[in-house]
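Hi, here are my notes on the model you sent over. Have it open beside you while you read, and follow the points in order.

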Amino acid sequence: MTTALGIDIGGTGIKGAIVDIDSGELLSDRVKLPTPTGGEPEAILATVVEIIDALGGVAADVPLGVCFPAIVKNGKTMSAANVSQKWIGLDAEVLFEKTLGRDITFVNDADAAGVAEVRFGAAKGVDGLVILTTLGTGIGSAMIYNGVLIPNSELGHLEIGGKDAETRASYAAKERSRLTYEKWATKRLQRYYSTVEFLFSPDLFIVGGGVSKSHEQFLPLLNLTTPIVPAKLRNNAGILGAAALAVKKPEGIA
């Protein structure tokens with residue numbers, strides 16, 4: 001059994017657990033605390049420390065993965081969604097390592113969720129290109145090819161019809177425009193997924209985000225060549241994916 005600690009930082013909550021990354025099972029309770037108002041780096045880091053303490057303290061040799069709602073390149077957060085703008089350009093991985101006194105793997109939250117679904121969830125055993133999209137305030141995405149993550153894909157920001165895709169096809173856009181599931185699926189989602197399908201020819205689409213709980217109301221309405229299925233891991237996906245990515249394997253994540 002290989003264990004790791006996964007931390008999932010979001011705009012409203014921060015959660016963490018110890019994970020068996022061979023099976024994808026949580027070996028501890030999932031601890032969740034609210035994201036500090038303003039979402040500033042030092043306050044979020046202090047909350048992460050609280051979560052680790054609540055888990056009973058975790059030995060320094062246990063790998064730690066942290067996922068975060070931003071483009072993450074070489075450990076630096078290059079954007080910020082629903083958190084302080086102070087994260088932009090911040091060497092977050094180094095900041096966490098210095099404070100916690102341990103090595104950290106810092107990754108994008110959608111990438112972590114995609115890795116989790118490939119390792120333990122809806123795409124387990126699927127070869128080729130898997131694209132996960134999360135439909136929420138925006139559209140997050142992850143691309144995994146034969147078990148290897150292609151990071152920071154940001155497919156929610158494709159320009160379709162002269163508009164940023166997530167401004168038209170996200171769940172928030174559905175709610176803003178008061179669309180029925182049918183109209184959202186046949187007008188907005190259909191165009192989005194058809195475009196992504198044409199550009200990348202994936203072998204599987206996975207749809208995550210809170211709305212995936214209602215997948216039967218919209219996924220069957222989509223007309224695609226690529227199979228499209230709901231995510232399975234939901235609230236644990238970020239924790240599981242961050243933990244999995246923290247354990248380095250020479251063959252990637254497969």
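**Notes on the predicted model**

1. Start with the overall count: the chain has 7 helices and 15 strands. Both come from DSSP runs numbered from the N terminus, with helices being H or I of at least four residues and strands being E of at least two. A quick word on the source: this is a predicted model, where local features need pLDDT of at least 70, side-chain atom pairs count only at pLDDT 80 or more, and totals for chains, interfaces and linings use all residues. Residues are numbered from 1 along each chain as its sequence is written, and side-chain values use heavy atoms, leaving out hydrogens and water.

2. On burial, 53% of the 254 residues count as buried. Buried means under 20% relative accessible area, exposed means over 50%, and partly exposed is in between, using a 1.4 Å probe and protein chains only. As for contacts (heavy atoms within 4.5 Å), take those with a separation of 6 or more: 60% of them join residues 24 or more positions apart.

3. Now look at helix H6, residues 181-200, which bends by about 45° at leucine 189. The bend is the angle between axes fitted to the seven residues ending there and the seven starting there. Among the buried residues of H6 are Tyr181, Trp184, Leu189 and Tyr193. Just after H6, serine 201 has a positive phi of about 45°.

4. Arginine 188 also belongs to H6. Is arginine 188 buried or exposed? It is buried, at a relative accessible area of 14%. Leaving aside residues up to four places away in sequence, arginine 188 touches Arg168, Ala169, Ala173, Ser177, Leu179 and Lys183.

5. Next, the rings: the whole structure has 10 aromatic pairs. Rings of Phe, Tyr and Trp (its six-membered ring) pair if their centres lie within 6.5 Å; planes under 30 degrees apart are stacked, over 60 edge-to-face, and the rest tilted. Tyrosine 171 and tryptophan 184 make an edge-to-face pair, 6.0 Å centre to centre with 70° between the planes. Tyrosine 171 sits in helix H5 (residues 171-176) and tryptophan 184 in helix H6, 13 residues apart. Tryptophan 184 is buried at 0% relative accessibility, while tyrosine 171 is partly exposed at 26%. Elsewhere, ring pairs join Phe68, Trp87, Phe96 and Phe106 into a cluster.

6. There is also a charge over a ring: the charged end of lysine 174 lies 4.4 Å from the centre of the tyrosine 181 ring. The test is NZ of Lys or CZ of Arg within 6 Å of the ring centre and within 35 degrees of the ring normal.

7. Finally, check two loop residues. Asparagine 74, between strand S6 (72-73) and strand S7 (76-77), has a positive phi near 50° and is exposed at 73% relative accessibility. Arginine 234, between strand S15 (228-230) and helix H7 (237-246), has a positive phi near 45° and is partly exposed at 43%.
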